[in-house]
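Please keep the sequence and the model in view while working through the points.

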Amino acid sequence: MTMAAQNFKTSIQIQPSFQCHLFPSSLPTIFKIRHKPPSPITLKFHPIQASNHKYITPTKQEEEEDDGIPIEHIKTLVKFKSRHNYIRVLEVSRRADHPLAGSRLLLLDGPGNIHSISFLFKSITNAYYDVLATLPPILPPGPLGILGFGAGSAAKLILEMYPQGVIHGYELDPSVISVGREYLGLSKVEKQYPDRLFIYINNALNASVKDGYSGLIVDLFSKGCLIPELQNPQTWEKLKGKLKKGGKIMVNVGGSCVEPEDSRKDGKVIMEETLMAMNKVFGGEVFVLNLGNRKQEDSSVAIVGGLPDLEKWRISLPKPLRFYVDMWKKYGG
């Protein structure tokens with residue numbers, strides 16, 4: 001998913017274990033992929049960027065909080081370069097003592113940001129996809145557009161939880177869809193919901209549907225960061241014009257947790273620039289939900305179009321998702 005990125009990062013410790021940092025158990029998990037030599041210096045997965053990363057030396061507390069997966073529980077299923085991405089799929093053994101046990105992960109970009117996650121025996125991901133799945137109950141009738149479809153993690157949740165939901169998903173990289181079908185269960189989802197899921201290989205910003213979308217989920221990343229178009233208010237004007245009356249947009253805006261391929265870029269700065277652009281178009285109707293609990297690992301989702309009655313929203317959601325309703329804060333940028 002050249003334009004859809006995970007708020008996760010995964011940490012890899014070369015010796016002796018695969019490292020995943022997680023925050024806190026009740027919230028979605030945030031990961032980052034990095035090489036960690038025996039010395040206390042923490043390096044990102046992409047060695048070229050490591051020396052320029054602003055969080056070089058972990059604190060003693062961070063070292064103690066590392067929650068590693070032994071390397072014997074990690075299997076690489078596929079690894080190749082497509083026209084748009086460096087694609088990898090990892091499988092975490094069910095024997096691993098970790099929240100990711102039994103999952104398959106789609107990693108894209110040089111740093112290896114996780115863009116999709118699939119569990120064999122459950123739908124809830126404990127990731128930001130769960131937040132995106134809270135959107136349908138507050139939308140008017142009509143199709144939901146997912147811009148930056150990836151391997152379909154959010155789509156799977158929404159289709160299972162809301163029997164009337166119809167999704168139009170847009171993904172730029174056909175290789176991402178192929179990998180999703182072969183390794184992450186997308187083919188099964190398509191067969192299960194043939195009249196409710198429609199996938200298009202296309203530039204997501206060109207998405208359109210007759211009479212407009214009831215809502216949009218925007219998860220557009222490339223080269224490890226939000227695409228530059230999202231820092232332009234004109235893009236949000238165009239997206240606003242694709243909505244039905246009463247429609248809303250929910251956006252993965254990333255944050256410090258997302259690692260750009262270009263070490264000169266900062267995920268936090270790009271997130272703020274994106275929120276500012278959104279606010280110029282949806283002034284007073286931008287709300288942000290932060291998932292991280294460390295300043296250097298923050299990860300956020302935004303919604304535009306205003307919030308509904310919170311209690312009605314909460315009741316309309318499946319129980320595992322209800323606590324997210326109280327986490328939204330009005331954007332003050």
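Predicted model: local features only at pLDDT ≥ 70, side-chain atom pairs only at ≥ 80, totals over all residues.

1. Residues are numbered from 1 along each chain as its sequence is written, and side-chain values use heavy atoms, with hydrogens and water left out.

2. Helix α8 covers residues 267-281, which is 15 residues, and spans 22 Å from its first C-alpha to its last, close to the 21 Å expected at 1.5 Å a residue; the expected span is 1.5 Å times one less than the number of residues. At the start of α8, a side-chain oxygen of Asp266 comes to within 2.7 Å of the backbone nitrogen of Lys268.

3. Which residues of α8 are buried? They are Gly267, Ile270, Met271, Thr274, Leu275, Ala277, Met278 and Val281, where buried means under 20% relative accessible area, exposed over 50%, and partly exposed in between (1.4 Å probe, protein chains only). Seen down the axis of α8, these buried residues fall within an arc of 160 degrees, so they line one face of the helix; the arc is that of the directions from the helix axis to the C-beta atoms.

4. The largest nonpolar core has 48 residues, and those with the most contacts inside it include Val131, Leu135, Met250 and Trp328. Such a core is a set of buried Ala, Val, Leu, Ile, Met, Phe, Trp, Tyr and Cys residues joined through side-chain atoms within 4.5 Å. Helix α4 (residues 153-161) gives the most to this core, with 5 residues. A second, separate core of 33 residues includes Leu226, Leu239, Met278 and Tyr331.

5. Asn126, in the loop between β9 (113-119) and α3 (128-132), has a phi near 55 degrees, a positive value in a residue other than glycine; Asn126 is partly exposed, at 33% relative accessibility. Asp211, in the loop between β12 (197-201) and β13 (213-218), has a positive phi near 75 degrees and is exposed, with a relative accessible area of 60%.

Key
Helix = DSSP H or I, 4+ residues; strand = E, 2+ residues; numbered from the N terminus. Polar contact = N/O pair within 3.5 Å; in protein donor to acceptor, adjacent residues only side chain to side chain.
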